[in-house]
Amino acid sequence: KFNEIIYNLREDKEPQMTQTELGKELNITQRKISYLEKGKIEPNIEDIITYCKYFNVSADYILGLTNDKRKFW
């Protein structure tokens, strides 16, 4: 589920971002973003934190535990 959520966050961002553009913003390689989005690799805690901060969503949301994107801190 994480892979679908991060893919949708990137695709829904205005203006829409490529994996390369997002990689530059997050200091993650395009290849790693591709692997995360395809579910080929599991995210580590730093990946989760980075995505949550960048997209301003809760960890529960990005992990698929809730549909509520709001942060609670």
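Student: Is Asn56 buried, partly exposed or exposed?

Tutor: In this predicted model, local features need pLDDT of at least 70, side-chain atom pairs count only at pLDDT 80 or more, and totals for chains, interfaces and linings use all residues. Residues are numbered from 1 along each chain as its sequence is written, and side-chain values use heavy atoms, without hydrogens and water. Buried means under 20% relative accessible area, exposed over 50%, and partly exposed in between (1.4 Å probe, protein chains only). Asn56 has a relative accessible area of 47%, so the residue is partly exposed.

Student: Where does Asn56 lie?

Tutor: Asn56 has a positive phi of about 55° although it is not a glycine. Helices are DSSP runs (H or I, at least four residues), numbered from the N terminus. On that numbering, Asn56 lies in the loop between α4 and α5.

Student: What is the relative accessible area of Asn27?

Tutor: Asn27, which is not a glycine, also has a positive phi, of about 60°. Its place is in the loop between α2 and α3. Asn27 is exposed, with a relative accessible area of 74%.

Student: Which class describes the ring pair of Phe2 and Tyr51?

Tutor: Rings of Phe, Tyr and Trp (its six-membered ring) pair if their centres lie within 6.5 Å; planes under 30 degrees apart count as stacked, over 60 as edge-to-face and the rest as tilted. By this rule there are 3 aromatic pairs. The centres of the Phe2 and Tyr51 rings are 6.0 Å apart and their planes stand at 80°, so this pair is edge-to-face.

Student: How many residues apart in sequence are the parts that the pair of Phe2 and Tyr51 ties together?

Tutor: Phe2 is buried at 10% relative accessible area, and Tyr51 is buried at 0%. Phe2 belongs to helix α1 (residues 2-12) and Tyr51 to helix α4 (residues 45-55), so the parts tied together are apart in sequence by 49 residues.

Student: How are α1 and α3 oriented to each other?

Tutor: Axes are lines fitted to C-alpha atoms, for helices over the stretch in contact (heavy atoms within 4.5 Å), and angles run from 0 to 180 degrees between N-to-C directions. The axes of α1 and α3 come within 6 Å and cross at roughly 125°. Angles under 35 degrees count as roughly parallel, over 145 as roughly antiparallel, 65 to 115 as roughly perpendicular and the rest as oblique. The two helices, α1 and α3, are therefore oblique.
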